[in-house]
Amino acid sequence: MDALLGQSINLDAAVLLMVSFAMISQRRILSLVHLYTLQGATLVLATTTVAYLTHQDHLYVSAALTLGLKVVLIPQLLHRVIDRLDVRWDVEPLINIPTTMLIGIALVVFSFNLALPIAQLSSSIARATLGIALACVLLSFMMMIVRAKAIPQVIGFLAMENGLFFAATAATNGMPMIVELGIGLDVLVGALILGVFMFQIREQFDSLDIRHLEKLRESEDR
Amino acid sequence: MIHIDWILVVVAGWLLLGVAALFALHDTQFVARRLFPLGALLGLALGAVALAAVFEGPQVAELTIGLPGLPMHLRLDALSAYFLVVIGVGACGTSLFSAGYFRSGEGTPPGLLCLEYHVFLAAMAMVTLADDGYAFLVMWETMALASFFLVTANHRVAAVREAAYLYLLIAHVGAIAILLCFGVLQANSGDYTFANLRAQHLGPVWSAIAFGLAVAGFGAKAGLVPLHVWLPEAHPAAPSPVSALMSAVMLKTAIYGLLRVTFDLLHGGAWWWGLVLLGLGLASALLGVVFSTVQTEMKRLLAYSSIENIGLIATGLGLALIFRAYGLGTLSALALTAALFHVLAHCLFKSLLFLGTGAVLHATGERNLGKLGGLIRSMPWVAWLVLVGVLAGSGLPPLAGFIPEWLLLQSFLFTTDLPNPFLGMLIPLVAAAVALVAALACYAMVKFYGVVFLGQPREEKLLQARDAAPWERLGLAWFALGAVALGLFPVPWIDVVDKVTLQLVGSGLAQAVHANGWLLLSPIAPERASYSPTAFLGGVTAGTLLGLLIGRRLYRGALRRAPAWACGHAEAAAARLAARTQDSAEGFGQPIRQIFEPFFRVTRHLPSPFDLQPRYEVRIEDRFWRGAYLPLAALVDRMARAVALLQRGRISVYLMYSFCTLVALLLVVRS
Amino acid sequence: MSTAAILAQFLEIVLALAGAPLLLGWVDQWRARLQNKSAPPLLQPYHVLHKLLVKESVVADSASPLFRMAPYVKFGCMTLACAIVPTLSTDLPLASAADAIALVGLLALARTFLALAAMDLGTAFGTMGARRDMLVGFLAEPALLMTLFCTSLITHSTSLANMVQSMAHRPFVLDPSLAFAGVAFTIVSLAENTRIPVDNPATHLELTMIHEALLLEYSGRHLALMEWAAALKLFAYSCIGLALFLPWGIAEIDAPLAMITAVPVLAAKLAVGGILLALIETVSAKMRIFRVPEFLATAFLLAVIGLLVHQLLQG
Amino acid sequence: MIPATVPLFLCLLLPIAGGGVLALTGQRDAGPEINVAFSAATLAAALWLTADVVLGAPVLGLGERFFIDPLNAFLVTLTAFVGCTTALFSRPYMRIERERGKMTAPRMRLFHSMYQLFIAMMLVALTTNNLGVLWVAMEAATLTTVLLVSVYRTAASLEAAWKYFILCGVGIAQALFGTLLLYLAADRVIGGGEGALLWTHLAAVKTQLEPNILALAFAFLMIGYGTKVGLVPLHNWLPDAHAEGPTPISAVLSGLLLNVALYAILRCKVLVDGALVNGLAGQVMIGFGVLSVVVAAFFLRRQRDVKRMFAYSSIEHMGLMTFAFGLGGPIANFAGLLHMTVHSLTKSAIFFAVGHATQRAGSQAMDDIRGLLHASPTLGWGLTLGSLAILGLPPFGVFASEFLILTSAMRQLPWVTPVLLLALAVAFAAVFARVQAMVFGDSNLPPQSHPPALLPVFAHLGLSLGFGLFLPPFLVQWYRQAAQLIGG
């Protein structure tokens, strides 16, 4: 039974990776949010499994925290923003999607190879997951690079944070409570601030296209 | 208390004066009439103490300020004492003059000027005392900074600002070179005290590098070609007493540094070092003198002449290095004596000349030679005192300017003793060039004096020019007397220089000179060469008196005053047309300009026959400016433009940077 | 120093002061002869000096004391110059006061004063003359110095007396460096003494003047002293040349009596030299002012080449 | 005898409380004064704490969660001090901003409370012993400053804040991953639980930590915290944030935040150096340092906006410090710490002066600022001396530290020294040309409604001058201990 659960964590990891790829390929912002929610749910699942397997009660707390934060609160927030500003579609990303996918695969290989020696040393139940977590982080990073609008960028940011969180729980059986709490708080505040910002950006530039945010630069003249 | 303590007291006194001035920021009377004379007294004291210290052994002191583990080491040996004397002499006269000069306070409040002025003096004194790299650099840069603020005293004028900027920039670059030089000298021992630097005996390559860095660093301050461009800009920009100090004293601190590093810390070197210095010195001397003859602005003219004199000093140093490299101690001492003598002589007459221009500037408000003239009638005091400076500056006997040139030429005549035939062939050419420089300097000086003080006033207002104030006369007289005394009685001063040469090259001229009394200057042996200024002066005076006797006593020919004849153009002369028909500054320099055309970058504007207002204009520029400096600035700009492309405002690109850096770093740590 | 030395010194000065105008007269006479003119009497210069000294001297009212000082100073300088050049004897008290370099300095001093005095009035021709004179000077002085250096390199001394002495004592050899120096020296002395082809002492055309332009404003005793000083200068130059390049017949420290023979020898040398000078002035034409620098530069180069040749042969 | 934890908690809780109080009262007229009061109180507490640490042993607080040794004690003092002077400066500055209508009552409230919280977060980051909490505090400090930078709500400030947030957020996320890896490594040695994140425990076992993991961890930490230090090429947020935020914030960003980030890197470097023998961390830092110095120097050449220019100069100096710490060794570390101090003091002083100047000119464009010396001599001299000091002219402290850095560079990697010196020369030429144009000449600047707060400027410059001329022995001792801790 436990062995099965142990493998289920790897399954969750695989799901997370898939979701990250899906995010890269996804143009519709609404479905991006859904994907993000799905990612959060997978995270909750993984956390509770680890908690159960390693009998660390504080992981239940952090699982609950994740649930509240990343499955309920932040998606709600994003939905509200999307409704208010009604941005449904992202414009064409800066690099076209097939290319991005190819780069993404390369990244996955890279991060696995990077995490390999560590995985062998890791004492945790799911040692393979570290590479996947790293891959998720890098993929979301790339997503932030290629997306041209504010909201997808933010979602990328949050997804990256998810990857980190997954690494924290799955690969190291959870960080100390206080840190988890702190991280959670920061994410929450950050998300709120971002929400506020997007409204302000909207009213300043009446668009969320971050290509408008290129005023501050080095002048070419002289 | 030993001498070094007294010197520190003087320095502290100067600083106190400066601080005191801050409390009377706008009280010109108090600052000028009370503080500056006190500063002059302190300068006199400094000179006296230092003079006494020359004959003492080295004295050390430590100030517990500076870096942890590296307190400020100070050391007073013959070399530093000698330059302290120069500083004292220069400071004394200049402060006396300034007491009368700072009337209006040029742009900046007089109190502030006073502070900067005295900090400048103190820093120069401390530079010569510093005995470790850190202290030296701190004082060196403080000196540069103080002088920079003095130069910008009149910062409302854009040209002044630019000049000051250029000055500080080059000074800073020079300081960087010096820092690197010390870095090489310490040979990875991590100890920057001069004692340690002296103890390190570097290999030929590294010591050559150190020497090169020293020449670059100190050359930038001294105004050696090609780092001289700041000098003709900054000197005219500064208030005249400051120009006097910078030209007469500050440049000498650079010479001090060069001596300290090359002779003391590096213990001399290969003969080609001397050749390098010789070449640079000659280039500077020639360029300086040629440019000074064609200037049309009196302070620029003097500034270029400073470049020339520094060049001659460097030539002497180079020759000394060559002799030293071949172990010819006495000859090395001879060349070195020439250089050191020149240091004081130049300090005297150049201060005199700059202060003179200051007086003229205040009386007429004109710095353009084309608008001056005939001032000997309205300002006799200044004119006659400056005449002394002019004669000394032209290197004419029996004044102070002649002796260093005499000694230098003497030391050239001994190069037949050199084992190196190549040098033997080279040196005559150098000697010829030096002779040429000396003659051209005379030309420039005659131009300066003739155009400013002689002839007809070129402007109406010059007739109302008021003569210098008593304090100013005092300052001028101080230097004039110095120039005469040093010229007439060189032998006692040779004793002083002797101590320095003993320290640096291990031999001196004192015995040889003393062998034939203190009136006859004969460095090696009387049958070889001798010169007695007093007898010379006596001879000329006797001849002059004879002339007077014949002209005035034997024949009592009457004397009648009449308008100038001017080949029958008397009425023209009367109608002040003469003022226009006499030679202008351009005119007087024109032959030199034609002969040395390749030196200059000349841009002419000639009037065409159809011009309604015909205009003739010649602008003369330094080739180095367009040749070296502007391209350098352009290069920096190009690189800056390239770098600026990094930051184009697009956040995705920024993220890309981070991403790539991360991946690259991961690859690095992985491998 | 011995009484003989003092005597020699005195004799020299007197001889110079007295003989200089005579030499001038001699040269003028010969030039006239060579140019088929009726020659002025030999003593003409004395007459001129006397006349000028008697006349009242007119000084411009705008003239400063410098203007009136200059003639005396120049006269003094030239007197000293004649005093330190060994003409009769090499045993001169004043010789140690100024060596070859100082001699050049002395000449420069005189020149400077003259130029300043000429600029004092600010007349067009005066300043022009000053400029030209300085132009000649800044090339002639180094050349002169170099020629002197040639001999001092040979004699290892810069004190004129010793130079002459050891030149006289060394076995007679044809020294190429001396040849170069000699030619250079001739050119320089032509220029310095305002002779054709550089300048024409007898000209009355202001625009071509160099030396004369400096004297335009002078009259009476001032002019007289100026002329006399010019004569002294010519005398001094001739003596230097003769002493250095034909040093024989000059009395020495150990032989004061030789002075008695030295006087006629010197007179003979000067006579020949004067004739040669007149000859040169006759056969050559005055050159345009801006050719003069080239002319002098040649002299300068010749002198330097002389130095180099010496180095080449010695070292 | 009062336990040393009392001042510690005082100096942590005071600013937090201040944040709370000002969140309620910040909009009042007395807001600035309250701000100053709390900052002053914090400073007092910090001094007390420092005194305890310097006199006695390192302090552990709240179990082992907090840890004060000379290294962070000196940074705590510095932070509290600059925080206090900046509060003093912002008093007249923000008043004028409000009169100009650039600030409104709610914004004043936001500004003041966030200011206090920002100080609090940095103090937490400095004093905590838990690397996780360090990360949390850094993130929190970022969030507060994001709000502070965007306080004007102008398009430019929003853009700046957005970039700041995204870039630093992403960066700091990498730092979290690095921390995670550290935890992973420690997990294997001292087992899980909170102990595995306490720096003291990690430092105790640093030699046994798995080198591979630590190498990776350091890469992530370097990127993460390096972004906040503003190392090229991660620096892009820095000039914008400095230029567009209120000047007091530019002052504390340059003067404090960058230091704290560098402090975080140093703490991690200690561990990595313990685990890795090949001194990889040092080499990486040297690389980043040199790159930053050189690139920043050339950036300086083309600046038009005064605050932007001095932001780049901050990049240059942080690069220099990073380089120094990368070199390691007692002298270099000492020099780095000294440089940290004098740079904070001088740079914040410059920003104070610049703030007043820009307010008078009503523009940040340097072409609009003319003749400061003429308009207000004290202000002009403040800016002039400050710039000369930051450009490394003696007798100011920056020269001393730069001298030490360069000389130790000459010993350890001679080939780098000329490069650095060249960059410094370029920076000098660039900055001084601009400053000179601003201070000299005639001015057209209108008078100001409130007297400028020049006390902070000259207090800082005075200190910087003092550090250049004479370091009191106890200070030297203190620096030495700190340098020791960084692994001198």
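Select α7 and α11 of chain C first: they cross in a left-handed way, meaning that the near helix is turned anticlockwise from the far one by less than a right angle. Helices here are DSSP runs of H or I with at least four residues, strands are E runs of at least two, and both are numbered from the N terminus. You're looking at a predicted model, where local features need pLDDT of at least 70 and side-chain atom pairs count only at pLDDT 80 or more, while totals for chains, interfaces and linings use all residues. Residues are numbered from 1 along each chain as its sequence is written, with chains lettered from A and ligands numbered from 1 in the order in which they are written.

Stay on that pair. α7(C), residues 176–192, packs on α11(C) at about 155°, axes 8 Å apart. The two are therefore roughly antiparallel, a label for angles over 145 degrees.

Next, show chain B beside chain C. Here 75 residues of chain C meet 73 of chain B; contact means C-beta atoms, placed from the backbone, within 7 Å. Of the four pairs of chains that touch, B and C have the most contacts. Colour α5(C): its 17 residues are the largest share of chain C's side.

Now zoom to strand β3 of chain B, residues 559–562, which runs parallel to β1(C) and is joined to it by four bridges; pairing takes at least two DSSP bridges. Click R561(B), and you'll find V59(C) opposite.

Last, bring in chain A: it doesn't touch chain C, the nearest C-alpha atoms being 48 Å apart.

Notes: Two residues are in contact if their C-beta atoms, placed from the backbone, lie within 7 Å. Axes are lines fitted to C-alpha atoms, for helices over the stretch in contact, and angles run from 0 to 180 degrees between N-to-C directions. Angles under 35 degrees count as roughly parallel, over 145 as roughly antiparallel, 65 to 115 as roughly perpendicular and the rest as oblique.
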